[in-house]
Amino acid sequence: MNTTTLTDKLKTTQTDFLPLQGTDYVEFYVGNAKQAAHYYMSAFGFQALAYAGPETGLRDRASYAVRQNKLTLVLTTPIRANNEMADHIYKHGDGVKVLALRVDDATSAWEETTKRGARSYMKPERKKDNDGEVVVSGIHTYGDTVHVFIERKNYSGAFLPGYRPWNNPYYKPAETGLLYVDHCVGNVGWNQMNPWVKFYEDVMGFRNILSFDDNDISTEYSALMSKVMSNGNGFVKFPINEPAEGKKKSQVEEYLDFYDGEGCQHVAMATNDIVRTVTELRNRGVEFLKVPTSYYDDLLDRVGHIDEDLGPLRELGILVDRDEEGYLLQLFTKPVEDRPTLFFEIIQRKGAKSFGKGNFKALFEAIEKEQEARGNL
Ligand code: FE2
């Protein structure tokens, strides 16, 4: 029996040429950043943090940063046509542009990755204001998505130089218990999973810690393949999906069609109390996928003892899975745009380091129902 756990895999030491401290922020290009920021505040419980736009000297965009615990989202919109942001939205709709990673040294991060073949998005740049200095650099990844490296050890401001603190004294929505980014999944094209796995291995020093083939992730109708990439300390995890042949259309293919290319499929946000978090989100209008209630009939036979009562899990549609190290609870929103593209996962880990393989089938059947309703199966 193979008893190597994911924790063991992460312990294998090797020199890390790209040490990462975690996700710094996730930036979305959206059609209307003012309204999108309000959605993440009112529905997800983020708090206003910082703003940049014409009033702070930016002539082409407005950006709103919102935060909840260690999760920071940035909503950016162009305020004129004919620029990279407007083109991104025309092609992709609202979506993730930047997966920003916190580093000790953004210059070294750029040098180490570009010399291994990464395409530069932004050369190392020093940005200063009265609160200190930040160094930023960036590289391209799949599709039009980029990684920006943020070195902020000499900075004490609200978010980044160029932003001003932003808050509305009359509107402070209660938080919902979201804590940090657990992982971000990329959807790539046919036969592109392995090249992107190699990119994360060679260019960023990540390791492939889990693989799922189309036998693991298929229903009667549709299939996909996935490999989970992790950086050395396990703080940053990027599963990469590609579509697989099935009788009907893969959900990854539907994404690629409507996003018009490769991009971020979902961002998983961690909580310590998924029942409370999902109850809050649902009460504020966030829509979740629903598995058939028969999922719960043999749940405890499959996963063994869990601390939570089954009633609320069934009522909220929360999924449970177990690996060698513990269990996890998870639930997926429906897409948060009208295009069937980006969605969110809410995840609570109780020891488990894996991604819910035992839930794939039930989950994909739920997604197929949604695809069918959209006429895209
Ligand atoms: Fe996930």
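**Entry 1. The model and its parts.** I noted that this is a predicted model. I looked up the domain bounds: domain 1 covers 20-165, and domain 2 covers 177-374. I then took the C-alpha centres of domain 1 and domain 2, which are 25 Å apart.

**Entry 2. The contact between the domains.** I asked how many residues of domain 1 are in contact with domain 2. There are 43 on the domain 1 side, and they touch 38 residues of domain 2. The two domains bury about 3100 Å² between them, and 65% of that area comes from carbon and sulfur atoms. I also looked for the three residues of domain 1 that supply more than any other three. They are F44, L71 and Y142, with 22% of the area that domain 1 buries against domain 2.

**Entry 3. Polar links across the interface.** I found 14 residue pairs in polar contact between domain 1 and domain 2, both partners being at pLDDT 80 or more. The search for salt bridges across this interface gave 1. I also looked up D260, which forms a salt bridge with K91. The closest N and O atoms of that pair are 3.6 Å apart.

**Entry 4. The domain 1 side.** I listed the elements that each supply at least two residues of the side of domain 1 that touches domain 2. Among them are strand 1 (22-29), helix 2 (33-42), helix 3 (84-92) and strand 5 (95-102). Helix 4 (106-114), strand 7 (132-140) and strand 8 (146-151) are also on that list. Which element gives the most? Helix 3 does, with 5 residues. By type, I have 19 nonpolar, 18 polar and 6 charged residues on this side of domain 1.

**Entry 5. Two positive phi angles.** I checked the backbone next, since most residues other than glycine have a negative phi. N82 is not a glycine, yet its phi is positive, at about 60°. I placed N82 in the loop between strand 4 (71-78) and helix 3. Is N82 buried or exposed? Its relative accessibility is 73%, so N82 counts as exposed.

D260, the salt-bridge partner of K91, also has a positive phi, near 60°, and is a residue other than glycine. I found D260 in the loop between helix 6 (251-259) and strand 14 (263-271).

Key
Residues are numbered from 1 along each chain as its sequence is written. This is a predicted model: local features need pLDDT of at least 70, side-chain atom pairs count only at pLDDT 80 or more; totals for chains, interfaces and linings use all residues. Side-chain values use heavy atoms; hydrogens and water are left out. Domain bounds come from an automatic or database domain assignment. Contact means heavy atoms within 4.5 Å. Buried area is the accessible area (1.4 Å probe) that two parts lose on being put together, summed over both. A salt bridge is a side-chain nitrogen of Lys or Arg within 4 Å of a carboxyl oxygen of Asp or Glu. A polar contact is a pair of N or O atoms within 3.5 Å; within protein, one must be able to donate a hydrogen and the other to accept it, and residues adjacent in sequence count only if both atoms are side-chain atoms. Helices (H or I, at least four residues) and strands (E, at least two) are DSSP runs, numbered from the N terminus. Ala, Val, Leu, Ile, Met, Phe, Trp, Tyr, Cys and Pro count as nonpolar, Asp, Glu, Lys and Arg as charged, and the others, Gly among them, as polar. Buried means under 20% relative accessible area, exposed over 50%, partly exposed in between (1.4 Å probe, protein chains only).
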